[in-house]
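Subject: A structure for you to explore

Hello,

Here is the structure I promised to pass on to you. Have a look at it first, and then read my notes below with the model open beside you.

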Amino acid sequence: MPTSTDQSSYDPDGTLSLTPDGRPIHDRGDTVCVIGAGASGLTTVKNLKEYGFGVDCYERETGVGGAWNWRHDRSPVYASTHLISSKPFTQFPDFPMPDDWPDYPHHSQLLTYFERYADHFDLRPHIWFGTEVVRVEPAAGQRWDVTTRSTGGYGAERTSRYAAVVVANGHNWSPKLPSYEGLENFRGEVMHASSYKDAKQLRDRRVLVVGAGNTGCDIAVEAAQQARTCWHSTRRGYWYAPKYVLGRPADQVNDRALAMRLPLWLRQWLFQRLLRFTVGDLTRFGLPKPDHKVYETHPIANSQLVYYVGHGRINPLPDVARFHAYGVELTDGREIEPDLVIFATGYLPRFEFLAPGILGDDGSGRPTLHLNAFPRRYPTLAVVGLVQPDSGIFPITHWQSVLIARLLRLRQDVPQRAAAFAAKVDAAAGERYSGRVKDSSRHWFEVGHVDYLRAVQRALDELEASPQ
């Protein structure tokens, strides 16, 4: 646990700063607060350290790893979880994964990777484990008052004042549950995919999986092997990409095309031809035809779904219309009788410790952030990891945190440059880096990794080129 070297904070008039309930506010000087010790939080702590900042990182769990630590209550990881992006495109750029690891490492290997990362860069002394953030409130001088307490609500609250706050609490832990007529009267078992942990939960059951994201497809494949019957309900058609193409991980082949700067229409044409030869026409299996072009949303990376559909072990179905006591009615009028329904319907971002509006809101609950990281009007607040790329996320979070650390350093050393960037953030409308056919919460944070990283690099270049 970090050692505290703070002192009480004082207001400009010389009076002791107190919270509304009379507790003293502890001034942490130029220290930066990081919320979360998962992948995004760890790389943020590391890069802030390298730029010379003191860092306090608050982690509500008792270990590092965030969503990839299956021991954590909020972890969505299940026993068979592997990466869907290959190793070279997932690892941090300054901490490669072992050469003898597979192309798509298991979640237990990812946890080992984060533990080694934390130890290699000596990050643990900066992390307050078992401590949750209750409130983050703006303070004078563009600083922040952060109120914490022991996880579970035990013990007294403590408020500390920080020069800046970086939010890295993840966005795949608060389940998004759909609403259907009659669902409350259904007599079978209902769960969200976040509660799914092991294939034994499916054994000899009649399982309906709702949702066609990567998790939904993985669970459907496991149900095909373990359940008595497996139905898979999807609202629309998707592109299902194999994890290997031409003997290489598919994302590595795709990245070659991106590196060649082929135009989007040509990449779409090539990938559709490739899918025609490797996967074929999915409508002949009963899967709906995609209602969008390739790359307008991220393809589903799964080599086994079509295999089990073709063997009759997964039964594709349209969307659910309503629930009855012992059955589920579909939009095409058919009715099935599952005894277990798993909603693989995704997650919603939650920042309960921030007042509504601080991160912006487009009316749907989606934050409006420049580069998916910077809110308007708050130049000392940033978010890391609020992206869903078409490749690995860890390189992106690394460079996001480098940009944040560079900005915070410029606020002290060359404030004119930092002010120019803040003005750009205030004027920005919130860029999107990938096309979409549906503006659903599932696609809120999709980015093309190459386009996004180029945008981050441009921001870093502009900071260096700004007049002093």
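A term to begin with: helices and strands are DSSP runs, numbered from the N terminus, where a strand has at least two residues and a helix at least four. With that in mind, you can find Leu-246 in the loop between strand S14 (244-245) and strand S15 (248-249). Please remember throughout that this is a predicted model.

**The protein as a whole**

The protein contains 9 helices and 24 strands. Its C-alpha trace spans about 75 × 50 × 45 Å along the principal axes. How does the radius of gyration fit a compact globule? For 468 residues such a globule would have a value near 23 Å, and the protein has 24 Å, so the two agree.

Of the 468 residues, 54% are buried. Among contacts with a separation of 6 or more, 65% are between residues 24 or more positions apart.

**Residues with a positive phi**

Let us go back to Leu-246. This residue is not a glycine, yet its phi is positive, near 55°. Is Leu-246 buried or exposed? Its relative accessible area is 74%, and over 50% counts as exposed, so Leu-246 is exposed.

Asp-204 is another residue to look at: it is not a glycine either, and it has a positive phi of about 60°. You will find Asp-204 in the loop between strand S10 (189-192) and strand S11 (206-210). With a relative accessible area of 48%, Asp-204 is partly exposed.

**Helix H4**

Now move along to helix H4, which covers residues 250-259 and is mostly covered, with 7 of its 10 residues buried. Which residues of H4 are buried? They are Ala-250, Asp-251, Gln-252, Asn-254, Asp-255, Ala-257 and Leu-258. These buried residues pack against S14 and S15, and also against helix H5 (264-278) and helix H9 (449-465). After H4 comes Arg-261, which has a positive phi near 55°.

**The cysteines**

How many disulfides does a search of the whole structure find? The search finds 0. Cys-57 is in no disulfide, and the nearest cysteine sulfur, that of Cys-33, is 7.8 Å away. A disulfide needs the two sulfur atoms to be within 2.5 Å. Cys-57 is also buried, with a relative accessible area of 1%. Cys-230 is likewise in no disulfide; its nearest cysteine sulfur belongs to Cys-217 and is 10 Å away. Cys-230 is buried, at a relative accessible area of 1%.

Cys-33 deserves a look of its own. It is found in strand S3 (residues 32-35), and its relative accessible area of 0% makes it buried. Which residues does Cys-33 contact, leaving aside its neighbours within four places in sequence? They are Asp-56, Tyr-58, Val-146, Tyr-162, Ala-164, Val-165 and Val-166.

The C-alpha atoms of Val-383 and Val-166 are separated by 5.6 Å, although the two residues are 217 residues apart along the chain. Val-383 lies in strand S22 (residues 381-383) and is buried, with a relative accessible area of 2%. Not counting residues up to four places away in sequence, Val-383 touches Val-167, Leu-359, Leu-369, Asn-372, Ala-373 and Ile-404.

Finally, find Ser-17, in the loop between strand S1 (7-8) and strand S2 (25-27). Is Ser-17 buried or exposed? Ser-17 counts as buried, with 1% relative accessibility. Ser-17 and Asp-27 are 10 residues apart in sequence, and their C-alpha atoms are 9.2 Å apart in space.

Enjoy exploring!

Best wishes

How values were computed: Residues numbered from 1 in each chain as written. Predicted model: local features only at pLDDT ≥ 70, side-chain atom pairs only at ≥ 80, totals over all residues. Heavy atoms only, no water. Rg over C-alpha atoms; globule rule 2.2 N^0.38 Å. Buried < 20%, exposed > 50% of the residue type's maximum accessible area, 1.4 Å probe, protein only. Contact = heavy atoms within 4.5 Å.
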